[in-house]
Amino acid sequence: MTPSIFIDTESKSSAVDAIVLTPRMVQFAWASGSVSSHRLRLRDQVRFYVRHLMMDEELSYGQWANFVLDEQL
């Protein structure tokens, strides 16, 4: 079974309801109701997750999702 991290962003973002991180993959549950899956570098996932855990006030889940869409492998 592949380890995964579920992040509920429904109350923190108007664009993204949830984010699921698995090794080198990220899935977005968009507020529109659609779901998308994207390949991503592990270091980008770790950087995002550390900011999430530290409750970074400047972290925007929607902007990070757009970064993933631009940088996907």
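**View 1. His38 is a buried residue of the predicted model.** The relative accessible area of His38 is 9%. Buried means under 20%, so His38 qualifies. His38 sits in strand S4. Its side chain makes a polar contact of 2.9 Å with the side chain of Ser36. Beyond its neighbours within four places in sequence, His38 also touches Arg24, Met25, Val26, Phe28, Val68, Leu69 and Gln72.

**View 2. Four strands build an open sheet.** Read across the sheet, the order is S1-S2-S3-S4. The pairing is antiparallel. Which strands lie at the edges? They are S1 (5-8) and S4, and each pairs on one side only. From one strand to the next, the twist averages 15°.

**View 3. S1 pairs with S2.** The two strands are antiparallel and share 4 bridges. Look for Ile5: its bridge partner in S2 is Leu21. Helix H1, residues 42-53, packs on the sheet. H1 touches S1, S2 and S3. The direction of H1 makes about 125° with that of S2.

**View 4. S2 and S3 form a hairpin.** There are 2 residues between these strands. How many bridges join S2 to S3? The count is 6, and the strands run antiparallel. In one of these pairings, Val20 has Gln27 of S3 as its bridge partner.

**View 5. S3 and S4 form a hairpin with 4 residues between the strands.** In this hairpin, Gly33 takes a positive phi near 105°. S3 and S4 are antiparallel, with 5 bridges. Gln27 has Ser37 as its bridge partner in S4. Gln27 is also the bridge partner in S3 of Val20.

**View 6. Ala31 lies in the loop between S3 (25-30) and S4 (35-39).** Is Ala31 buried or partly exposed? Ala31 is partly exposed, because its relative accessible area is 40%, between the limits of 20% and 50%. Not counting residues up to four places away in sequence, Ala31 touches Ser14, Ala15, Val16 and Asp17. Now find Glu57. In sequence, Ala31 and Glu57 are 26 residues apart. In space, their C-alpha atoms are 21 Å apart.

**View 7. S3 has a covered face and an uncovered face.** Val26, Phe28 and Trp30 make up the covered face. Met25, Gln27 and Ala29 make up the uncovered one. Helix H2 lies across S2, S3 and S4. H2 runs at about 130° to S3.

**View 8. Helix H2 has buried residues along one face.** Which residues of H2 are buried? They are Tyr61, Gly62, Trp64, Ala65 and Val68. Seen down the axis of H2, these residues fall within an arc of 160°, so they line one face of the helix. An α-helix has 3.6 residues a turn, so residues three or four places apart point the same way. The buried residues of H2 pack against S2, S3, S4 and H1. On the other side of H2, Gln63 and Asp70 are exposed.

**View 9. Glu71 belongs to helix H2.** Glu71 is partly exposed, with a relative accessible area of 39%. Compare its position with Phe28. Glu71 and Phe28 are 43 residues apart in sequence. Their C-alpha atoms are 15 Å apart in space.

**View 10. The largest nonpolar core has 14 residues.** Ile19, Leu21, Val26, Phe28, Phe48 and Trp64 have the most contacts inside this core. Strand S2 (16-22), S3 and helix H2 (61-71) each supply at least two of the core residues. Which element gives the largest share? H2 does, with 4 residues. In soluble globular proteins, nonpolar side chains tend to be buried together.

**View 11. Ile19 has contacts with residues from several parts of the chain.** Leaving aside neighbours within four places in sequence, Ile19 touches Ile5, Phe6, Ile7 and Thr9, among others. Its contacts also include Val26, Gln27 and Phe28. Phe48, Tyr61 and Trp64 are in contact with Ile19 too.

Note on methods:
Residues numbered from 1 in each chain as written. Predicted model: local features only at pLDDT ≥ 70, side-chain atom pairs only at ≥ 80, totals over all residues. Heavy atoms only, no water. Buried < 20%, exposed > 50% of the residue type's maximum accessible area, 1.4 Å probe, protein only. Contact = heavy atoms within 4.5 Å. Core = buried A, V, L, I, M, F, W, Y, C linked by side-chain atoms within 4.5 Å. Pairing = 2+ DSSP bridges. Axes fitted to C-alpha atoms, helices over the stretch in contact; angles between N-to-C directions. Polar contact = N/O pair within 3.5 Å; in protein donor to acceptor, adjacent residues only side chain to side chain. Arc of directions from axis to C-beta.
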